[in-house]
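Here is a short note for a colleague who is opening this structure for the first time. Please keep the sequence and the 3D view side by side while reading.

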Amino acid sequence: MAAVAFRLGQRVHAAGDPARVGTVRYLGPVDGHPGDWLGVDWDAGAGGRHDGSLAGRRYFVAAGERSASFARPTALSAGITLPDAIRNRYRVEEFTKEEQDEMYVFSTSQKRVSVELVGKNKVEEKLKNLNDLTSASVSYMGVSSIGPGDELKNLVPNLRQLDLTGNLLSQWQDIFSLCEALASLEILDLTNNTMENDFTDSSSVKNIRVLVLNYCGVTWELVEKIKVSFSCLSELHLMTNRIKAMMTPVGNIVQGFNTLRLLNLEDNHIDSWDEIVKLSYLRSLEQLHLNKNMLKHVTYPSNPPPLGSLGDAAVLPFEKLRVLLLGSNQIDEVLSVDSLNLFPSLTDVRLSDNPVADPAKGGVPRFVLIARLGKVKILNGSEISPRERREAEIRYVRLVMGKAESYDPEEIKRLHPRFAELKAFHGIEDEKPSSRTSGPQKMASGLISITLKCVGPSMGEKQPLTKKLPPATTVGKLKSLCESFFKLKDVKLRLYLEEEGCPLPQFFEEDTVSLMELGIGTGSTIIVDEES
């Protein structure tokens, strides 16, 4: 195939390897090498030899230092049509030896015994008629065009879900033609197809409910066009598109997307919460996925848009948002955690892999997050049971009480907005000095009863012990006591609280912290382990 059969910007794959995909960036001669050449910028992971320059001459600019190479036209493929890909994937005329082997099992005498349930004839019979196919995946099969619309429509008229991941599609007109040909199609996955910005607002697609554009090089400018044409979307996935800002045509609020319930912006470059606030008036939005961005704080929008700019009905910011995933960002302050209580419908939050949720980085443990988040029912993917919430809130109140002497009431209210509410709800009284008790009786009345469980592999089997200790006992002192209680020698201990629903133990890192400061009270169970 001559180089003229290709065009700049065209998506291609290496001949015989549809998974090695790239974009044509140069057509023409290469100094010192006769014949026609194409300069290809290969997608991440596909490999290359240079950055678009060779022997001191630059032919094109590649995305990476070694993502580009030159290739003969015969070494590249311009791809196949979607109908051909579906036939290749689902209409098997001849089975390979490996596929035939999968239809047999070996008896004890090593004779091949046919498996009737998935026998060759039944598989072929089922695959000959593609009219009944409702879900298809042709990922990494080199699909570059839709082919004749009638051909696709007649081949798979009932297709509802189509996965086109890792193909060679780049032009939106092909996508419009696809959606028009497949009237039953509702879920379309275009992951890792580099889409051009040739979108026209004149097209209207009403059958697609879920659109996946992960790793597609999509900009927010393009998203603003998508919302006009794909007017009935309920889910839009935009992972890993390097989106940093949301440029809106009018004002600072994203409008439209009236049916959108889920927006996935994970693994982008958003570093300002002000950009997220622009999404706060998407009326149907229930789930917002923001994992793996660069957000440093969260606040609830306090300045409503101008009257009338959103229509007649009064709308609260993020009014229907139930799920907010903020994992793997850079949030480092508990004020951001507290602000989540202001979201009217929020019940599912992810904060894992943020400094604020990592005690080793100055953050707070799970029980503190639960106590501060009054309405949340699922934290970091783990459901909060009524028992875990009760124990977390009581422990949190005790933790604050242990530090309360060093702060005035107003400071406590500012730093711990839910403290007074939780203290009253759980009926926790302040410790009051009594003139009627003294000596041992007074000391005993202030002790807390805790259970110690020894689990270290080299410690041997030991029965749990219940002990009464002063709340001021430090972690270091408790370690020494455990060595005595369990008769341990030459073992370096580490302690953590047994917590229901907590997927990972929160170890007591500082030996100088007291049980009261950790929020540990009567009824708590502390696990005694050994350092690995």
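1. A word on the source. This is a predicted model. Please read every point below with that in mind.

2. Start with the open sheet. Five strands make it up, in the order S6-S3-S2-S1-S7, and the pairing is antiparallel. S6 and strand S7 (76-77) stand at the edges. Each has a single partner strand, so one side of each is left without a neighbour in the sheet. In general, strands of a sheet pair through backbone hydrogen bonds, either parallel or antiparallel.

3. Next, the pairings of S3. Strand S3 (residues 33-42) runs antiparallel to S6, and four bridges join them. Gly 39 has Phe 70 of S6 as its bridge partner. Strand S2 (residues 17-30) also pairs with S3 in the antiparallel sense, over seven bridges. There, Thr 23 stands opposite Asp 41 of S3.

4. Now the largest nonpolar core. It holds 96 residues, and Leu 188 and Phe 230 touch the most other members. Several helices each supply at least two residues, among them H1 (82-90), H4 (149-155), H9 (366-372) and H12 (419-425). H10 gives the most, with seven residues.

5. What surrounds Leu 188? Beyond its neighbours within four places in sequence, Leu 188 is in contact with residues including Leu 162, Leu 164, Ile 208, Val 210, Leu 211 and Val 212. Ile 175, Leu 178 and Cys 179 are also contacts of Leu 188.

6. Helix H6 has a residue to check. Glu 224 lies in H6. Is Glu 224 buried or exposed? Glu 224 is buried, because its relative accessible area is 8% and buried means under 20%. Setting aside residues up to four places away in sequence, Glu 224 touches Met 247, Thr 248, Pro 249 and Val 254.

7. Move on to Cys 482, in helix H14 (residues 475-485). Cys 482 is buried, with a relative accessible area of 0%. Apart from neighbours within four places in sequence, its contacts are Leu 452, Lys 487, Leu 488, Leu 493 and Val 528. Leu 495 is 13 residues from Cys 482 in sequence, and their C-alpha atoms are 9.9 Å apart.

8. Finish with Leu 465, in strand S24 (residues 465-469). Leu 465 is partly exposed, with a relative accessible area of 25%. Not counting residues up to four places away in sequence, Leu 465 touches Ile 450, Thr 451, Leu 452, Phe 485 and Phe 486. Leu 465 and Cys 482 are 17 residues apart along the chain, with 9.8 Å between their C-alpha atoms.

Note on methods:
Residues numbered from 1 in each chain as written. Predicted model: local features only at pLDDT ≥ 70, side-chain atom pairs only at ≥ 80, totals over all residues. Heavy atoms only, no water. Pairing = 2+ DSSP bridges. Core = buried A, V, L, I, M, F, W, Y, C linked by side-chain atoms within 4.5 Å. Buried < 20%, exposed > 50% of the residue type's maximum accessible area, 1.4 Å probe, protein only. Contact = heavy atoms within 4.5 Å.
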